[in-house]
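Subject: Structure for you to look at

Hello,

Here is the structure I promised. Please open it and keep it beside you as you read.

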Amino acid sequence: MADFYKLFLVGRTGNGKSSTGNSIIPGKPFPLTSNTMIKHSGVLNGINVEVVDGTGIGDVAEDLNGDMKTLVLDVESMFYNKLSQSFTALVLVLRFGARFTNPLKESMRIIKSMFGEDIFRKCGIILMTCGDNYNKEENVSFDVWIHNQSGDIKTLMEECDYRCVLFNNKTRNNSKVRKQVDKLMSAVAQVKYTPYTARDFDNAKRGRQRLKYSKPTQNDGDYGYSTNTTDKQMLIPTVARCSKRKTLIIALIVVVGLIILITVLAVKLSEK
């Protein structure tokens with residue numbers, strides 16, 4: 001087992017990233033309203049642990065009207081500077097009971113574009129908050145519950161090799177807090193591909209380049225970014241596309257004009 005873990009928390013605002021950080025490293029509070037990246041360290045079960053709250057990376061809805069290029073540059077600066085070019089595990093913080101909506105899917109896709117398509121498979125851990133709600137609603141163990149899921153959430157679970165833990169950040173029972181933190185540490189120990197380094201981040205550069213030129217879209221009330229075209233296609237000048245459209249319109253007008261002219265001449269000739 002490694003003697004140092006660096007846990008990188010990602011997820012959408014409101015899922016409980018900061019509260020989770022406070023549960024893992026007590027006594028060094030993560031501000032619940034901060035929009036900047038915060039990191040604290042401590043010793044858990046003899047292991048030095050650093051927790052980094054990557055606030056805002058998954059906030060697709062908030063970034064919709066912003067500049068994706070700026071977001072990419074911010075993440076690159078964060079990785080090379082504040083993350084010191086490595087982390088042991090990327091911990092995706094989800095809220096138990098939340099629907100797996102299109103914005104959440106877009107969050108997954110943006111994170112993969114930032115860090116690599118196989119980031120969850122390599123070193124991803126799912127951490128679900130609102131464990132108090134789970135205990136009230138479900139009648140099976142959490143391990144059984146995660147294996148009974150289907151659809152997109154099942155796919156994500158499989159990518160993470162079912163490295164998934166449940167947190168109740170509201171509990172004041174120290175024994176329960178230690179137990180859930182121990183489960184998180186066990187999940188981290190199961191990550192075989194570690195640490196994620198600058199080499200992995202550099203290999204994902206193409207995905208970040210595509211994100212820089214992605215365009216916001218809206219479907220059925222859910223927001224996302226279109227990144228299906230290649231970089232070269234995205235950079236085709238709009239003027240060229242408009243010019244082609246104008247040429248087609250002019251050609252159509254000419255054809256219609258010729259048809260009208262021929263019809264008029266035919267009528268005149270028949271009258272003679």
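Below is what was found in it.

This is a predicted model, where local features need pLDDT of at least 70, side-chain atom pairs count only at pLDDT 80 or more, and totals for chains, interfaces and linings use all residues. Residues are numbered from 1 along each chain as its sequence is written, and side-chain values use heavy atoms, with hydrogens and water left out.

Start with the whole chain. It has 13 helices and 10 strands. Helices (H or I, at least four residues) and strands (E, at least two) are DSSP runs, numbered from the N terminus. Of the 272 residues, 43% are buried. Buried means under 20% relative accessible area, with a 1.4 Å probe and protein chains only. Contact means heavy atoms within 4.5 Å. Among contacts with a separation of 6 or more, 71% join residues 24 or more positions apart.

Next, the core. In soluble globular proteins, nonpolar side chains tend to be buried together. The largest nonpolar core here has 66 residues. Such a core is a set of buried Ala, Val, Leu, Ile, Met, Phe, Trp, Tyr and Cys residues joined through side-chain atoms within 4.5 Å. Leu7, Phe8, Phe87, Phe115, Met128 and Leu184 have the most contacts inside it. Leaving aside neighbours within four places in sequence, the contacts of Leu7 include Val49, Val91 and Leu184.

In α8 (residues 151–159), which residues are buried? They are Ile153, Leu156, Met157 and Glu159. Just after α8, Asp161 takes a positive phi of about 55°.

Last, the largest pocket. Its volume is about 550 Å³. A pocket is an open set of points on a 1 Å grid over the protein atoms alone, where a 1.4 Å probe fits, with protein on both sides within 12 Å along at least five of seven lines. The volume is the space filled by probe spheres set on the points. Lining residues have an atom within 4 Å of a point. There are 21 of them, and Phe142, Leu166, Lys179, Gln180 and Lys183 lie nearest the centre. Helix α9 gives the most, with six residues.

Best wishes

Methods: Buried < 20%, exposed > 50% of the residue type's maximum accessible area, 1.4 Å probe, protein only.
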